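Below are my notes on the chain, as numbered points. Please read them with the structure open.

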Amino acid sequence: MHSATWTEADARCRQYGARLCTRPELPVTLRSGCGHDSELVWVWNECEHSSGTEHRVAVRGDNTDDYSCDALSELHAVRCCADEVSGE
């Protein structure tokens with residue numbers, strides 16, 4: 001999914017029994033074939049600042065040092081992580 005709000009991204013991952021990746025986990029999905037390597041991708045992490053509204057982190061798929069702290073309504077790509085390998 002290339003364009004979703006944080007809430008839509010979270011729901012999409014849960015739909016498939018997964019969750020949004022954390023920022024440290026995101027490199028595991030690099031070159032996975034989903035085409036998000038150069039896009040900002042929503043991750044689970046909250047932003048570390050005080051604001052009147054909730055903000056979450058979006059990280060560039062191929063460089064976790066390149067990130068943005070955005071409102072939940074912004075549109076970014078979606079990558080999901082799972083705690084277990086499926087199909088076993």
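How many aromatic pairs does the count come to? The points below start there.

1. Basis. This is a predicted model, in which local features need pLDDT of at least 70 and side-chain atom pairs count only at pLDDT 80 or more, while totals for chains, interfaces and linings use all residues. Residues are numbered from 1 along each chain as its sequence is written, and side-chain values use heavy atoms, with hydrogens and water left out.

2. The aromatic pair. The count comes to one aromatic pair. Trp 6 and Trp 44 form this pair, with 5.4 Å centre to centre and 45° between the planes, and the pair is tilted. (Rings of Phe, Tyr and Trp, the last by its six-membered ring, pair if their centres lie within 6.5 Å; planes under 30 degrees apart count as stacked, over 60 as edge-to-face and the rest as tilted.) The two residues are 38 apart and link distant parts of the chain: Trp 6 belongs to helix α1 (residues 6–15) and Trp 44 to strand β2 (residues 40–46). Helices (H or I, at least four residues) and strands (E, at least two) are DSSP runs, numbered from the N terminus.

3. Exposure of the pair. Trp 6 is buried, at 8% relative accessibility, whereas Trp 44 is partly exposed, at 35%. Buried means under 20% relative accessible area, exposed over 50%, and partly exposed in between (1.4 Å probe, protein chains only).

4. Charges over rings. Trp 6 also has Arg 56 over its face, at 4.3 Å from the ring centre. In a second case, the charged end of Arg 23 sits over the ring of Tyr 67, 4.0 Å from the centre of that ring. The rule asks for NZ of Lys or CZ of Arg within 6 Å of the ring centre and within 35 degrees of the ring normal.

5. The buried side of α1. Which residues of α1 are buried? They are Trp 6, Ala 9, Asp 10 and Cys 13. These residues lie on the same side of α1, because they cover an arc of only 100° around the axis; the arc is that of the directions from the helix axis to the C-beta atoms. As background, an α-helix has 3.6 residues a turn, so residues three or four places apart point the same way. The cover over the buried residues of α1 includes β1 (19–20), β2, β3 (55–60) and β5 (80–81), where contact means heavy atoms within 4.5 Å. After α1 comes Gly 17, with a positive phi near 75°.

6. Disulfides. There are three disulfides in the whole structure, each a pair of cysteine sulfur atoms within 2.5 Å. With bonded cysteines counted along the chain, their pattern is 1-5, 2-6, 3-4.

7. Cys 13 to Cys 80. This disulfide has an S to S distance of 2.0 Å and is left-handed, with -85° about the S-S bond. Cys 13 is in helix α1 and Cys 80 in strand β5, so the bond ties together parts that are 67 residues apart in sequence. Cys 13 is buried, at 0% relative accessibility, and Cys 80 is partly exposed, at 33%.

8. Cys 21 to Cys 81. The sulfur atoms of Cys 21 and Cys 81 are 2.0 Å apart. The torsion about this S-S bond is about 95°, so the disulfide of Cys 21 and Cys 81 is right-handed. Cys 21 is in the loop between β1 and β2 and Cys 81 in strand β5, so parts 60 residues apart in sequence are tied together. Both cysteines are buried.

9. Cys 47 to Cys 69. Here the sulfur atoms are 1.8 Å apart. The pair links distant parts of the chain, 22 residues apart, with Cys 47 in the loop between β2 and β3 and Cys 69 in strand β4 (residues 63–71). Cys 47 is buried, with a relative accessible area of 13%; Cys 69 is partly exposed, with 29%.

10. Salt bridges. The structure holds six, by the rule of a side-chain nitrogen of Lys or Arg within 4 Å of a carboxyl oxygen of Asp or Glu. Among them is Asp 62 with Arg 60, the closest N and O atoms being 2.5 Å apart. Salt bridges that share partners join Glu 46, Glu 54 and Arg 56 into one network.
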